[in-house]
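This briefing sets out the overall features of the chain and then turns to individual residues. Please consult the sequence and structure shown below while reading.

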Amino acid sequence: MIKTVGAATIGPKHRASCHCGRVVLELDLPDGIVDPRRCDCSICRRKGAIVASVPLSGITILQGADVLRLYQFNTGTARHWFCSHCGIYTHHQRRSNPEEYGYNVGCLEGVNPYDLGPVPTRDGVNHPADRKP
Ligand SMILES: [Zn+2]
């Protein structure tokens, strides 16, 4: 549970935005930033974002639903959303847990994700959903 990042305080409802500001989300973060991580899967290694999770009910799109675009690949389970104007990834419905969104910690208003210090990197090459039980 991370409630402060550098000088920023994570509110129970915290806004997030894309770079151009057309997309604005409200995140329910009663426990702050939960489980921030990087991932080395084919898409995360390219985008490089630090991601944390919320339940699907934890993201409300306040503005910009019309400019969000959906990108899907491979099994098509995960739904990756990005702003069609500035290209910034804002959030995605997770493949490992479709009941959750991952969101771009760097989009949280006032938060510099580099102030988190080192964060773990998930093994996305051997995706949890592909592992044998
Ligand atoms: Zn944008």
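The mean positions of the 16 positive and 12 negative charges of the chain lie 6 Å apart. The model is a predicted one. Its chain contains one helix and twelve strands, and 40% of its 133 residues count as buried.

**Fold and dimensions**

- In sequence order, the elements of the chain form the pattern β-β-β-β-β-α-β-β-β-β-β-β-β.
- The radius of gyration of the chain is 14 Å, which agrees with the value near 14 Å that a compact globule of 133 residues would have.
- The C-alpha trace extends over about 40 × 35 × 25 Å along its principal axes.

**Contacts and surface**

- Among contacts in the chain with a separation of 6 or more, 57% are between residues 24 or more positions apart.
- The chain has an accessible surface of about 7400 Å², and carbon and sulfur atoms contribute 50% of that area.

**Asparagine 104, in a strand**

- Asparagine 104 is part of strand β11, which covers residues 100–104.
- The relative accessibility of asparagine 104 is 11%, so this residue counts as buried, the cut-off being under 20%.
- A polar atom of the asparagine 104 side chain lies 2.9 Å from the backbone oxygen of tyrosine 89.
- Leaving aside residues up to four places away in sequence, asparagine 104 touches Ala49, Ile50, Ile88, Tyr89 and Thr90.

**Loop residues with positive phi**

- Aspartate 35 is not a glycine, yet its phi is positive, at about 60 degrees.
- The loop that holds aspartate 35 runs between β4 (24–28) and β5 (38–39).
- Aspartate 35 has 38% relative accessibility and therefore counts as partly exposed, a class that lies between the cut-offs of 20% and 50%.
- Asparagine 74, also a residue other than glycine, has a positive phi near 55 degrees.
- The position of asparagine 74 is in the loop between β8 (68–71) and β9 (79–83).
- Because its relative accessibility is 65%, and exposed means over 50%, asparagine 74 counts as exposed.

Definitions and conventions. Residues numbered from 1 in each chain as written. Predicted model: local features only at pLDDT ≥ 70, side-chain atom pairs only at ≥ 80, totals over all residues. Heavy atoms only, no water. Helix = DSSP H or I, 4+ residues; strand = E, 2+ residues; numbered from the N terminus. Rg over C-alpha atoms; globule rule 2.2 N^0.38 Å. Buried < 20%, exposed > 50% of the residue type's maximum accessible area, 1.4 Å probe, protein only. Contact = heavy atoms within 4.5 Å. Areas by Shrake-Rupley, 256 points an atom, 1.4 Å probe, with all protein chains shown as cover. Lys, Arg positive; Asp, Glu negative; His and termini not counted. Charge placed at Lys NZ, Arg CZ, Asp CG, Glu CD. Polar contact = N/O pair within 3.5 Å; in protein donor to acceptor, adjacent residues only side chain to side chain.
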